[in-house]
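Subject: Structure handover

Hello,

Here is the structure for your files. My notes on it follow below.

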Amino acid sequence: MDFNRTWQVYSEDNLEFLKATGVIEMMLKMRKDVKPVIVIQQKGGDITFTIKTPLCTKVNSFTIGKESEFTALDGRKLKVTHAVTEKDGKLVTKTEKFTSVREIQGEDMVEVRHMHFLFSKLLYNTPGLNHILLSDH
C-alpha cells in the first residue's frame, strides 16, 4: 500500500488514550483544537513521518522491520518496531505501550491505536478536502 501523501487528521476519538500513554496535559489540550498534519514519504522499506503542528515539527525515519526510536510531539522517546502486513497493506507500529495500525480506505487513512482494552481511532485525508463525518466513523 502506498502511504506517500500529506495527511491531516480530521476526526479523532478518545483523547483519554493519549493521556494513558503518558502524553502531557498541554499536548492533550492542544489536540482538542489542533489537527496535526503528517507527511509520509515512503521509498521501499524506508519511511519518514514529518508531523507538523503550530507549536512544533518532528521528523522520524525508520526502516520497516527494524527497531528504531521516535520522538513524540511532546519530546518523549519511544522505541518502535514496524512491520507492513503485506496481505492487507497495513502499516503496523508497535511501541512498548501501544500498537498503531494504519490503512488506506478510499481517500482516507484510518489509524486505530490500542493499548490493553483502550482504543482510539483517527481519520486522515488530504488537507483542503471537504469531509462529511458519518455516524459510523
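In which sense do β3 and strand β4 pair, and over how many bridges? The pairing is antiparallel and runs over 7 bridges, with β4 covering residues 57-63. Please keep in mind that this is a predicted model. Within the pair, Thr50 stands opposite Val59 in β4. The two strands β3 and β4 form a hairpin, with 4 residues between them.

Next, the cavity. The structure holds 1 cavity of 30 Å³ or more, and the space in the largest cavity comes to about 530 Å³. Its lining consists of 30 residues. Those that lie nearest the centre of the largest cavity are Arg31, Ile51, Ala72, Phe98 and Arg113. By class, 17 residues of this lining are nonpolar, 7 are polar and 6 are charged.

Several elements contribute to the lining of the largest cavity, each with at least two residues.

One backbone angle is worth a check on your side. His116, in the loop between β9 and β10, has a phi near 55 degrees, a positive value in a residue other than glycine. Most residues other than glycine have a negative phi. His116 is exposed, with a relative accessible area of 70%, which is over the 50% cut-off for that class.

Regards

Methods: Residues are numbered from 1 along each chain as its sequence is written. This is a predicted model: local features need pLDDT of at least 70, side-chain atom pairs count only at pLDDT 80 or more; totals for chains, interfaces and linings use all residues. Side-chain values use heavy atoms; hydrogens and water are left out. On a 1 Å grid over the protein atoms alone, a cavity is a set of points where a 1.4 Å probe fits but cannot get out, and a pocket is an open set with protein on both sides within 12 Å along at least five of seven lines; lining residues have an atom within 4 Å of a point. Grid points are joined across faces, edges and corners, and a volume is the space filled by probe spheres set on the points. Ala, Val, Leu, Ile, Met, Phe, Trp, Tyr, Cys and Pro count as nonpolar, Asp, Glu, Lys and Arg as charged, and the others, Gly among them, as polar. Two strands pair if DSSP finds at least two bridges between them. Buried means under 20% relative accessible area, exposed over 50%, partly exposed in between (1.4 Å probe, protein chains only).
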